[in-house]
Amino acid sequence: MAGRIRDADVVTVRERASLVDIVGERVQLRPAGGGRLKGLCPFHDEKSPSFSVNPQLNVYHCFGCGQSGDVITFLRESEHLSFVEAIELLAGRFGIELTYERGNAAAGRQSSQRTRFVEANKVAAAFFTEQLASPCAEVARQFLAERGFDRGAAATYGLGYAPAGWDTLVKLLRTKGFSDAELVGSGLASEGKRGPIDRFRNRLVWPITEMTGEVVGFGARKLSTDPSDDSPKYLNTPETALYRKGHVLYGLDKAKKDIARSRQAVVVEGYTDVMACHLAGVPTAVATCGTAFGADHIGLLRRMLMDSAALTGEVIFLFDGDAAGQKAALKAFDSDQSFVMQTFIAVSPGGSDPCELRLAKGDEAVRDLVASRVPLVEFALQSTLTAYNLETAEGRSGAVEATAPLVAKIKDHGIRRRYATWVEGRIGLSDEGFVVERVAQLLGRGAPPQRRPAASQRPLDAAALTVEREVIKLAVQAPVLVAPLLDAIQSDAWTDPALRAVRELVEVAGGVTGQPGGEGWVELLREVADQDVVRDMVLRLAVEPVFCDGDVDDRYAAVQLARLQELAYARRIAELKPALQRVNPVSEAEKYTRMFTELVQLEQAMRAVRERGVGDL
């Protein structure tokens, strides 16, 4: 054990170590008036900042949980350190030399376990970096070059190479005074049959740092192509007294300032993805270190983003493919809904990760990917809907039952209702409010919704029927007034089956173009009809008065034709919009483009016939 740290040195550390600097590396602080600073408490979960720092007195207090103290207390509580470990860490951080009492020279040189691990990692990081320039690291340099990273990028991120030897690093660390127990305890070595051996061998190595910049562990990528090598592709430092993978985000030490300034964090899946994003102009990218994104990671980002009840700031997940994105999105619904509402997802086209995307299409493509983000809630709901055939009644019913529980989990009433309506639009339900009612039922606030008749089962719109009937009456009584435009209008513009049947008769009879009308025309229509009911309808239309206040002329006919087309376009647009919303613009790009183009053309055509109809009035 090391000797006791001299009291005077402890006082010096307490006075010279800046609480604002130490807290600021873990919590985003903002002015609170009176020279004080505030932020989200790192000791308990909160959405509104109650953690206060007094820079003049170098003390802190949380009005939420009651935690308080000085810089030493803060470091001990936030990093779970002993008193000696906290003093030694602060001394190293602020350049304060410590003196140990009641110990010999060897004991004085000793330090706490945590500090020893930090020192061992520092030596290892320098060794790995040096080795990256050696002849044996050609395969590592080639790996980086193939992914668009030059020597400058490698130096910026402290990349290194672990030689293939069994104990190259172990031998070096022993010469530096580290014991075998420290080598294994730090995770730099593993127990072999004849003693410690290097944990990382023939691998490209990334140093993993705390927000303070201290190296707490390493991530390493296998470079061997030997089929007999069954070691994992990626190997990380194991859990140690220094390294806890659930509490670390790779790249956060470099990204923290940009995250705090832009109020945005981008979470990717790998070390090269972080580098690619940073180099492409997305400096807020971070990654988990061999573990799933969890509650502790949320806490880290929250404190950087200065999360609050106002739901400010964004966390954007970039995923390689739909499967991973869907899994993470659905899992997120079990976490804090305030965090969910600030979370977005972007899925790279073709399943490329940010590193591959940058290499194939350049920096702008990576930035565009981030910009293409969609709300996590929307992504989760859309992913759920893809499992159902929304063209069938059974599929739509199943989709409602699958998505309504997800919507019900949203705590905010306004957002919950908005997404219930959003789901209705994507499913293509004609029953407005049906999903809202289903969500209310799941929340215990309403009776089961009663399904209304489908659109095809409802009474046809009276105004539309009037227009349809007027046009077909004109086709029977005065075909010259509706020629030649009527011949270009498809029979599905008529929603009433009987009227549609007469329109089809007109087509069978050769169309209205060139027909003088009169008794001969009516007889021709009746002759080509193959059902008595249709023949009777022709006679009824032939004698039924046209509803026109003035003369029945070409102007009146033009207005009715324009209204008929407008109604037909409106119906098709109403069908197309929800169908388009169900199409993934990335994975179904061709289908999406085709449908979107049709929608634009329909809207343009509807405006044109509307203007034509008004002009003919």
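Predicted model: local features only at pLDDT ≥ 70, side-chain atom pairs only at ≥ 80, totals over all residues.
Local features need pLDDT of at least 70, side-chain atom pairs count only at pLDDT 80 or more, and totals for chains, interfaces and linings use all residues. Residues are numbered from 1 along each chain as its sequence is written, and side-chain values use heavy atoms, leaving out hydrogens and water.

**View 1. The protein chain as a whole.** The chain holds 29 helices and 19 strands. Helices (H or I, at least four residues) and strands (E, at least two) are DSSP runs, numbered from the N terminus. Of the 617 residues, 47% are buried. Buried means under 20% relative accessible area, exposed over 50%, and partly exposed in between, with a 1.4 Å probe and protein chains only. The chain exposes about 29500 Å², and carbon and sulfur atoms supply 51% of that area. Accessible areas come from the Shrake-Rupley method with a 1.4 Å probe; for residues, only the protein chains shown count as cover. Among contacts with a separation of 6 or more, 65% join residues 24 or more positions apart. Contact means heavy atoms within 4.5 Å.

**View 2. Phe128 in helix 6.** Phe128 sits in helix 6, residues 113–131. Its relative accessibility is 3%, so Phe128 counts as buried. Neighbours within four places in sequence aside, Phe128 is in contact with Gly160, Tyr161, Ala162, Leu169, Phe200, Val205 and Phe218. Arg203 lies 75 residues from Phe128 in sequence, yet their C-alpha atoms are 9.8 Å apart in space.

**View 3. Helix 18 against helix 19.** Helix 18 (residues 376–385) packs on helix 19 (residues 393–408) at about 160°, with axes 9 Å apart. Axes are lines fitted to C-alpha atoms, for helices over the stretch in contact; angles run from 0 to 180 degrees between N-to-C directions. Helix 18 and helix 19 are therefore roughly antiparallel (an angle over 145 degrees). From helix 18, Leu381, Thr384 and Leu385 make the contact; from helix 19, Ala399, Ala402, Thr403, Leu406 and Val407 do. Six of these residues are nonpolar, two polar and none charged. Ala, Val, Leu, Ile, Met, Phe, Trp, Tyr, Cys and Pro count as nonpolar, Asp, Glu, Lys and Arg as charged, and the others, Gly among them, as polar.

**View 4. Helix 26 against helix 27.** The axes of helix 26 (residues 519–528) and helix 27 (residues 532–543) come within 8 Å and cross at roughly 160°. Helix 26 and helix 27 are therefore roughly antiparallel. Val522, Leu525 and Arg526 of helix 26 meet Arg535, Val538, Leu539 and Ala542 of helix 27. This contact has five nonpolar, no polar and two charged residues.

Conventions: Parallel < 35°, antiparallel > 145°, perpendicular 65-115°, else oblique.
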